[in-house]
Amino acid sequence: MTLPIIEDPIYGQVKIETSPWVNPFVFTDRTAELVGGISYSEGGRLVTPGSSQVDVGRLTATFKNLATIPDIGSVVRISFNSFGGYAFTGYVQDVGQQIVFDQSVSYTTPVTLTTLYCNDWVGYVSQFQAVGAGGNATPGGGLLDESAYYYFNRVQALNQIQDSTNNTKIIETLVEVNERLFGDTDLVGSLTEHLDLIAQTQPTFYWFGGHTIPTNITTGRDSLIYANLKSQVASTGKTFTDVAGSAGQLHYTEIDFQNSTANVANNIVLNNRSRFHIEAQEVTRIGGFNEENYVVVNNTNVVGIGRDETQEVTDATSVTAYGVRRAEINTNVSYYWSTAIFNLIVNPSAEYSDDGYSAGANSRVRRRVPAQDANPFDAYVGDWAMRVRQSTANTQAQLNFSGGESDGIPVVSGTTYYAKVYAARGTVSRTDMRAQVEIRWFDDNETLLSSTTGSNVTLTNANQWYLLTASAAAPANAVRATIRITYSRSGGGNISVGDRLWADAFMFAKTNSTYIDGDTAGSSAYLYGWTGGVGASPSYRVDNLVDDAALEFLAEYATTEMRVTRIRWNAQEDLTATPALVVGKSISLIYDGITTTYRIIGIDGNISPDRYMIDYYLTKD
């Protein structure tokens, strides 16, 4: 026969204390003046994917005829008389008073009821704001300015926003594991909103309020919040069972199960925003066209592009099983600059203008649509291309591209560059036409230093595109380059007046890659964009890390199962276990002979003069 829990007067074992928010803390036991008990909550609940799983913890307690009234901001804690640890820690948010006349005293003697409305440290930290946030090195705190770092670097930055001296770590990172790369954010929000952004970007990350009492009101405010990974959850060492009286185990009095499609997300839409850091010296057009060339990070303007990217993934099997369950999640994944490929040609396919293009002495260069030619064919990219029309019979026709600046494309001497362009001859042209691309190198005086000329490529078939290439290291003292295409006949004859020659898809890059521009459609592998004005700035390609994040969320939320969501426990079964059973740690739970590990994500506690009941809200990682 199992023994029942013997409930003793709880106020002799549990106490509520307050202290003014001054150094040093001096706590006053308020338990004797309690009226109606204490109720408190911490953590959060199992929510829809992408929503915050952490709420501000609350504590409410009413007292009778307090000799001194705690000030707003005072520290509050629920502690124990015979052993250490806390059931709740936080601060007084509001104080309310009510005057009543009770016959138990005297109709002429007022009774003053004082109610303390308290928040936990989640509420405290939510008062601090961050105008954008970047990443800082741990443990030293040096700024990481490349917009590519890990979650613990963001936590370090959030700490230093509040204490630039790096002496206070309000948020403690329990482990440091290199996982998802984060980029600088310009989110203006509280520290808790920034922590939620980390959790929304990396689903293996979670955070929670700690049961901590600061050692002082400045540099002693360490570890008010904890950050951790789901793979690194610490155990409480406690086991809950459905068999009362089991030796060494705790017995829950209620248990809730749920198998709900509300927990399913099989159509994930990530709205990602972060600063794209541009390391390349050759990129001199950043922002413009009503787009700033900076992002506000740590309340400072930092050069870069604030890029927004929407990524959508769907699990068809899950949709068949549960119907469409859509979740939109705001994320902060890095656009990792070190994987970037830049096309330094600012107007590479002439889709928006003919800026930068000019002709040689014997021809006219104009922007035209090949599909509208008398003998139509498709442009290599988009609709437009550059057309060279011979105006004077000559052995050559030339098309020049001046580059991103008025004096050419910025280059760094000693760096190898690859020039690529596609050329074609129209139906009205000579059958022995050929073309070659030339890189022309200039110094700071705008003096031509040398040229690098690629091989002639025969334009065998009319209305067909052929690739021209050239590459070389920029010579010493080179600061600019221009591109020239020269058309000639292999037989040496003149190019006839009216002959039509074409060029499209210009590429000048430090990598020997295929053509890209900012309008190239993104894929699961790559993202593309412009560093500034559309069609008037260099283009880039970066690895699509946003898609990786979307797939991770899909794997996390595409299915559901019957799982425990809440248990209720009478704390007087083993009051000493209470301080260990905190949000963020795991328990073992036995039901029907099966043991499963769950993480505590929320707590509701109710303390009356003779009873202490706690609800634990659980999730299975």
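Are aspartate 184 and arginine 275 buried or exposed? I looked them up, and both are buried (under 20% relative accessible area; exposed is over 50%, partly exposed in between, with a 1.4 Å probe and protein chains only).

Before going on, I noted that this is a predicted model, in which local features need pLDDT of at least 70, side-chain atom pairs count only at pLDDT 80 or more, and totals for chains, interfaces and linings use all residues. Residues are numbered from 1 along each chain as its sequence is written, and side-chain values use heavy atoms, with hydrogens and water left out.

Entry on salt bridges. I counted a salt bridge where a side-chain nitrogen of Lys or Arg is within 4 Å of a carboxyl oxygen of Asp or Glu. The structure holds 24 of them. Side chains of opposite charge can pair when their charged atoms come close.

Aspartate 184 sits in the loop between S11 and S12 and arginine 275 in strand S17 (residues 267-276), so the pair ties together parts 91 residues apart in sequence. I took helices (H or I, at least four residues) and strands (E, at least two) as DSSP runs, numbered from the N terminus.

I then looked up glutamate 552, which forms a salt bridge with arginine 180, the closest N and O atoms being 2.8 Å apart. Glutamate 552 is in helix H5 (residues 545-557), and arginine 180 is in the loop between strand S11 (171-173) and strand S12 (185-190), 372 residues apart. Glutamate 552 counts as partly exposed because its relative accessibility is 26%. Arginine 180, at 11%, is buried.

A further pair is aspartate 373 with arginine 500, at 3.7 Å from N to O. Aspartate 373 lies in the loop between strand S24 (363-368) and strand S25 (385-390), and arginine 500 in strand S34 (residues 500-509), 127 residues apart. Aspartate 373 and arginine 500 are buried. I also found Glu254, Asp256, Arg566, Arg568 and Asp615 joined into one network by salt bridges that share partners.

Entry on helix H3. Why do I call helix H3 (residues 191-201) largely enclosed by the rest of the structure? Nine of its 11 residues are buried, among them Leu191, His194 and Ile198.

Entry on the surface. I checked isoleucine 72, in the loop between strand S4 (58-64) and strand S5 (75-80). Isoleucine 72 counts as exposed because its relative accessibility is 59%.
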